[in-house]
Amino acid sequence: MVNEFAAWVDYGDSYLYYIFEISNYAWCILLVLFTHQIQLISTRALWYWVALFSTPLLFNYIIFSPTLYGDQYIYTFEVVERAFGRERIPGSNLAGYNSTGYLAGLILSYIPLPVVATLTSLGFANRIIAFVFYIWLSRLPYFTEKAALIFCAIPSFILYTSLSLREALIIIPATVILISHIRGKYLPILIFMPVLYILKFQVFTFLTIYFIATVLFRTHQSMIMFIIFIFVAFFCLFAFETRVLEIINLYRLAFVAEDFADGYAGFGLYGMEYDFDEIANTLDAIIKSLKGIPTLLFIPLPWNWQGLLYPIQFLESVGLLAAFIWIIRRYSLLSVQHTYPLLFTFGAAFGLYSLLVQNEGTFVRYRFEIVFPWMIALYYLGVSSAHQSKELNKDSS
Amino acid sequence: MNKFQQSLKLSLDFFNSHVLKKSSLKYLGASLIFSLLIIFILSPKFLISTTLLENTSNSDTQKIDGVGGLLQSLSGGVGNTNFEKFKSRLESTAVAKRLWDEGWGKRVFAPGSDYPLDGIPKSHSMGSRLSALLLGYELNDTLTHHDMKQFAKNSVGLNKVGRSSKIVAQMKSGDPEFAKEFLDALIYIADSEAKIGEIVLTKSRIASLKEGLADSKNAIVTSGLSNLLNSAYFSLVTLESDQPYFVIIVDKANSSETPISPNIFLIIFANLVTFLSLSAFISYFRANKEQIW
């Protein structure tokens, strides 16, 4: 229900829901057949995507209520309003309040779908984005189709790209940016960095740190420069302590408020009584961060499990960590200099997020926005450097 | 032939051989029949909506200093108070009970029947019957105000538009006249129920302020308490009037001119896409079965 002029009908409780969503699914299958015909995907991938395009039908209303991921309403309404040629929130644009909803709605509204009639429709739009991403990934040099299929089969990737969320618009551009940088291609970076600036400022910040480390300090080419960069980073942390801590404390409190009963409104009413643990200095922040990283790595922890989704997410986090270590060992990435700035920014992201963890559901999402792009980037770095050393060995022999 | 030309040729082949073919017409015909069948069994539903304004002038949220205050202003915490109070009341048992007592139960669940208000039979699904049998509890034979609460919660949507104080309440119904009356009654009762709680709170505040005033020996404190007492009395007078307190009704419930559901064209179009894709799917698999299987 958008406003009094919108004929938005929530079909979630009727069988019309299936009529509309099955037509979206059928459209996606047509797309898969077409890409198979023009030889963009293999037969194995065809079957895989025929199955995977059905996932938006399984989550909302079946496995859980759409209110579990309440922000789905924001993006759906944004797209519905655009379809009527109106603004969901008058005056909203790329700057200020609602810029994320505005831009996510704008991008998702350009994904061709037959029907946007329910909260699940944009899940299909996200699946189409994931499918295009898969095609791009599988056609990268050194990247095997099998690896691309495995990465696209990670449960969280399937979940977040099957709902009407903006996660696909964060995870996929971040991955494209990192891989493009490793490949020395700069156009995708110029296109996607502004998108991330609006949709997820934190991911934009971590990528900016990575670019400062590599472009300015050349840490991907020299270990000495990497060490200098670390010293400079810590020096800046201490030099701008007051400002940095002010921002961290603000975000810490913001997540406390978000996690409060009735959210910000509840916090506005009763938040004064909350005993807020403020970070006093940089050393305190570093200690708290180091203590918090293991928790962030494995949340949701067994004693906080509620429902089936939690153990799956826990097992996935264990699996992703194992995959991370496997990639580093399998391709001897510690002997590749480019690994270090990647690992440093990954660690910095985890360090910062570990200071903010309040709501498990939110941070499982935040964690995945970092783990997925960085893991694929490390994998790509591994396969490409392995290939290059093979070529070098061939040449020398 | 270069790569682009080859892809173009394959694309055209795909559309000519699997989409734009004679047998697709059969599927399109079948989709039309299927759509008509669905449309015939659906009943039209109208959109009933009412526009309200949140009354922010009487909000009693406390201001927080420092970072918390910044957050409060960022989140619009002050303005949310009355909306939250009103919304909670709208979905409360107390409001459902009042609606039930005023006879809405019969109008909602058994219009035109001879059943007494507390004798409207309640049907149960097989699942709930089985649960009751297995767990050993009794199911209600008649409808109660709890069913009214569920009806109000499921059928009425209350939303704030952005950060403005504008609130829109909406519901879908096949009987627009009934829905308009119901929506107006629900909003009025929800507001008056919220007022009852607020009156009790304000009276208790007045009593405490009077005690404080009697004990005060400091001129500044006495003056401050007097101001608070004045404002509490003003609130009480406003609360005790007949007018809505938490919301201001800008536009009473009105119905859309035409039904908003079912959307006939959307149903026909969705089925066309489904059947056309099905036709292409079957054709493609027949043509490439050896390669695909």
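This is a predicted model: local features need pLDDT of at least 70, side-chain atom pairs count only at pLDDT 80 or more; totals for chains, interfaces and linings use all residues.
**Figure 1. Chain A as a whole, a chain of 18 helices and zero strands.** The radius of gyration of chain A is 22 Å, close to the 21 Å that the globule rule gives for 397 residues, so chain A is as compact as a globular protein of that length. Along the principal axes, its C-alpha atoms fill a box of roughly 65 × 60 × 40 Å. Of the 397 residues in chain A, 42% are buried. Among the contacts in chain A with a separation of 6 or more, 71% are between residues 24 or more positions apart.

**Figure 2. The two assigned domains of chain A and the contact between them.** Domain 1 covers residues 1–141, and domain 2 is made of two stretches, 167–239 and 281–392. The centres of the two domains, taken over C-alpha atoms, are separated by 27 Å. To the contact, domain 1 of chain A gives 11 residues and domain 2 of chain A gives six residues. On the side of domain 1 that touches domain 2, helices α5 (99–109) and α6 (121–138) of chain A each supply at least two residues. The largest share of that side, five residues, comes from α5(A).

**Figure 3. Helix α9 of chain A, residues 168–183.** This helix has 16 residues, which at 1.5 Å a residue should span 22 Å; the C-alpha atoms at its ends are 22 Å apart, so the two values agree. Is α9(A) mostly covered or mostly uncovered? It is mostly covered, since 13 of its 16 residues are buried. The residue that follows α9(A) is A:G184, with a positive phi near 80 degrees.

**Figure 4. Helix α15 of chain A and its bend at A:G292.** The 17 residues of α15(A) should span 24 Å at 1.5 Å a residue, and its end C-alpha atoms are 25 Å apart, which agrees. Which residues of α15(A) are buried? They are A:A285, A:S289 and A:L296.

**Figure 5. The cis peptide bond between A:I299 and A:P300.** Omega at this bond is about 0 degrees. A:P300 sits in the loop that runs between α15 (282–298) and α16 (309–330) of chain A. As background, most peptide bonds are trans.

**Figure 6. Two residues of chain A with positive phi, A:Q39 and A:Y61.** Most residues other than glycine have a negative phi. A:Q39 is not a glycine, yet its phi is positive, about 60 degrees. Its place is the loop between α1 (16–37) and α2 (43–52) of chain A. A:Q39 has 11 other C-beta atoms within 10 Å, and a residue with 12 or fewer counts as exposed, so A:Q39 is exposed. A:Y61, also a residue other than glycine, has a positive phi near 70 degrees. The loop that holds A:Y61 lies between α3 (56–59) and α4 (72–83) of chain A. Because A:Y61 has 17 C-beta neighbours inside 10 Å, A:Y61 counts as partly exposed.

**Figure 7. Chain B as a whole, a chain of 12 helices and four strands.** The radius of gyration of chain B is 30 Å, well over the 19 Å that the globule rule gives for 293 residues, so chain B is more spread out than a compact globule. The C-alpha trace of chain B spans about 100 × 65 × 45 Å along its principal axes. Of the 293 residues in chain B, 28% are buried. Residues 24 or more positions apart account for 75% of the contacts in chain B with a separation of 6 or more.

**Figure 8. B:K97 in helix α5 of chain B.** This helix is formed by residues 93–101 of chain B. Is B:K97 buried or partly exposed? With 17 C-beta neighbours inside 10 Å, B:K97 counts as partly exposed. B:F275 is 178 residues from B:K97 in sequence, and the C-alpha atoms of the two residues are 49 Å apart in space.

Key. Residues are numbered from 1 along each chain as its sequence is written. Chains are lettered from A and ligands numbered from 1 in the order in which they are written. Domain bounds come from an automatic or database domain assignment. Two residues are in contact if their C-beta atoms, placed from the backbone, lie within 7 Å. A residue is buried if 20 or more other C-beta atoms lie within 10 Å of its own, exposed if 12 or fewer, and partly exposed in between; C-beta atoms are placed from the backbone. The radius of gyration is taken over C-alpha atoms; the globule rule is 2.2 Å times the number of residues to the power 0.38. The expected span of a helix is 1.5 Å times one less than its number of residues. The bend at a residue is the angle between axes fitted to the seven residues ending there and the seven starting there.
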